[in-house]
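Please look at the sequence and structure first.

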Amino acid sequence: MFRNLGGQRADQVRVPDAEAVVARAAILDDRQRLAMFEALEATGIGWFWSTDAKGMLTYLSPTAIDQFKEGRVVIGEQLGKLVETVEGTDREIRARPLSFLLSARTTFSEQPVRLATAGDGGTSRNEVWWALTGKPHFDRAQNFLGYRGSAKDITSTYQQLRDSSRAAAYDSLTGLANRHRMTKRLTAVLNAYRLEKRSCALLMLDLDRFKQVNDTLGHPAGDELLRQVSQRLQQILPAETEIGRLGGDEFQIILPDMDDRGTLGELANRIIQMISQPYSIEGSRAIIGTSIGIAIAPYDGIEPNELIKASDLALYAAKAGGRGQFRFYSNDLKESAEDRREIEEDLRDALAQGQLEMHYQPTVDTKTHMVRGFEALMRWHHPEHGTIMPSVFIPIAEDSNLIDELGEWALRQACADAANWPGELTVAVNVSAQQFVSDNLPTIITNALSASGLPARRLELEITESVFMGEVGATDQMFAALRKIGIKLALDDFGTGYSSLSYLRRAPFDKIKIDQSFVRGCTDKDNSNAAIITAIISLASAMNMATTAEGVEALDELQCIAGLNADFVQGFIFSRAVPHSSVMKKLESGELRYEPLGPAKHRADRKMLFRRVGVIHEDHHYTAILRDLSRSGARIEGLAGVPVGTQLLLDLGEGQLIVGSVRRSQDATQGLSFETPLVSDGAGGLCTRHRVSPYMLAAAGMPLRALPAGHYAPPRDIGAPVGSPQFMQVDVSAGSLRAG
């Protein structure tokens, strides 16, 4: 192998053409590489670009330039102005603008951007998406020369990814955010707001009587109703609001930077009014309602699960209060929720254990005061909790699907009791909207009449306007079936729903019951209730229907109703609802006339307050009794020697502090005028618009957490009394005086 070396050693052999061979190979590779790059650019699979130190585009693959508007000069323009950085799919995730990345001289990879294909910097109808990768380029002296990078078209894959991401985050039926997105969004907001010490309100909604729409009109109609509800919510809520459908008929609303309970209460009432307006669905008319629970961070919870639980409890309280209402969360709702669960469990056994009974309230002739019949009202005597009113357990029965069982028992018991009454005395039984849509209702009524022997003409069913929210044909068929049995029908709570006149035209009612809300105040000057009652009575008379005025409690109300020619009266002025044994004693005596007993004039219900509150003055903290509370002021008892004009800070508990000036002071009682009026708490009570933020308490040395139950513990500078007392604190319960 060495014979061609010419006698020279191998280590002495020079190969002068070896470097030339390598150089020629390298030159050949550069040409091949350039051809390869050009071929790659031509295919559109990948492109190349570069900028100068000022961010001006110095090179872009020709096929990439073709993506822009024809005739547009691309080379020499700012790269950051040629593309628009894509914002993340979630609002809380915002991508850095490309111009920022370029100015920071950082390496970036697969940055999604959208081409500004129009000459004015806007986007075309057919969007084009690129993924840019770039690396800053420096010379040997580390002087920045610009960027070099690659690009590729990701239009199809990005749109698919965006669509799949949206499908995973949004409800396909309504287009609103789904439960997953709402949870993720709430978590992100609360985490960010905790650092920035900002507030956030969470509203939980569910629809009242939605199940009835599904049952009567079908699930497609229910889906359409949900779509219309979502549209109404989007119309009424601010643009920055996040609205989600959690599933079924549950909705959730996130309101950032909101803690004003006055504003939230007004918004909740607008939502309730908007949702309660009638819906037109496939030629049918539906009426639903909504209940709303409200919780506010950081006052009611710091973590997402805390705030969600708080809003849920507030929602349950709103539903238990009669539906169509809102509630703010308060610490005592935890105990109320436990009571509700206990009531639901016990209610299932109440029938079997004989805890339920029917009480009866007389319906009296307005002129003669002779009894004409009785309304059957259910009562529950709990062995531990005593009497539980229907306003408490009936909503629970409706939610737990016990209402049908209770309703059937009520019909059977009322018919059996009424069969023992003399003459033609009638018995009126309330039927819920859920019972009314049941195909078994005519059979249940027929069986109850047959078992008791009560003539059908002596049974009267009281129904509300909510039964008309279902499918028109099915409602008319039910009315026809009930009329065929021979029973009487009464429209209860007339005038409190929608389009009552259209109901009267369609349904074969025998009686209209005038709601007590119209009776209340009918004797007051400048009150239109008397005129409304007159119109109702005239309408009923023209349609051959009788009228009953409900809730009459005072002699002046009775006189007014009699003067307006209502046929019957029902209310405390004659009798409360009493057990059947009491009814039988009255009837067996032969005295069928009731004497009116009541106050001369009706007085509005007043809440009796006897509650301990904190009173702060300068660096002293006292305890007083809150006797009266209104939007604009309060009466407190427990401090002596307080001059008129003194400003006091009332601590109402749970972070509620309000400034009041003493307007009247006598002995140990002061009348205060509030600097800022209180607002409705949704439960018939009052609350402050704002509360002391847990962030403020944390700054004063307390742990960051939701506000506890009971009295708010004031910060250090207004804590326990310091120095000599300015006032004498009266121990009202003991009647003694002690230093504050």
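S276 is buried, with a relative accessible area of 12%; buried means under 20%, exposed over 50% and partly exposed in between, with a 1.4 Å probe and protein chains only. The model is predicted: local features need pLDDT of at least 70, side-chain atom pairs count only at pLDDT 80 or more, and totals for chains, interfaces and linings use all residues. Residues are numbered from 1 along each chain as its sequence is written, and side-chain values use heavy atoms, leaving out hydrogens and water.

**Loop residue S276**
- S276 sits in the loop between α9 (261–275) and β10 (279–281); helices (H or I, at least four residues) and strands (E, at least two) are DSSP runs numbered from the N terminus.
- At 2.6 Å, the side chain of S276 reaches the backbone oxygen of I272.

**Helices α7 and α8**
- In α7, F210, V213, N214 and L217 meet H219, A221, G222, L225 and L226 of α8, where contact means heavy atoms within 4.5 Å.
- The residues of this contact between α7 and α8 divide into 6 nonpolar, 3 polar and no charged; Ala, Val, Leu, Ile, Met, Phe, Trp, Tyr, Cys and Pro count as nonpolar, Asp, Glu, Lys and Arg as charged, and the others, Gly among them, as polar.

**Helix α21**
- H580, V583, M584 and L587 are buried in α21 (residues 580–588).
- Viewed down the axis of α21, these buried residues fall within an arc of 100 degrees, so they line one face of the helix; the arc is that of the directions from the helix axis to the C-beta atoms.
- The cover over the buried residues of α21 includes β14 (356–365), β15 (371–382), α13 (403–418) and β23 (578–579).

Notes. A polar contact is a pair of N or O atoms within 3.5 Å; within protein, one must be able to donate a hydrogen and the other to accept it, and residues adjacent in sequence count only if both atoms are side-chain atoms.
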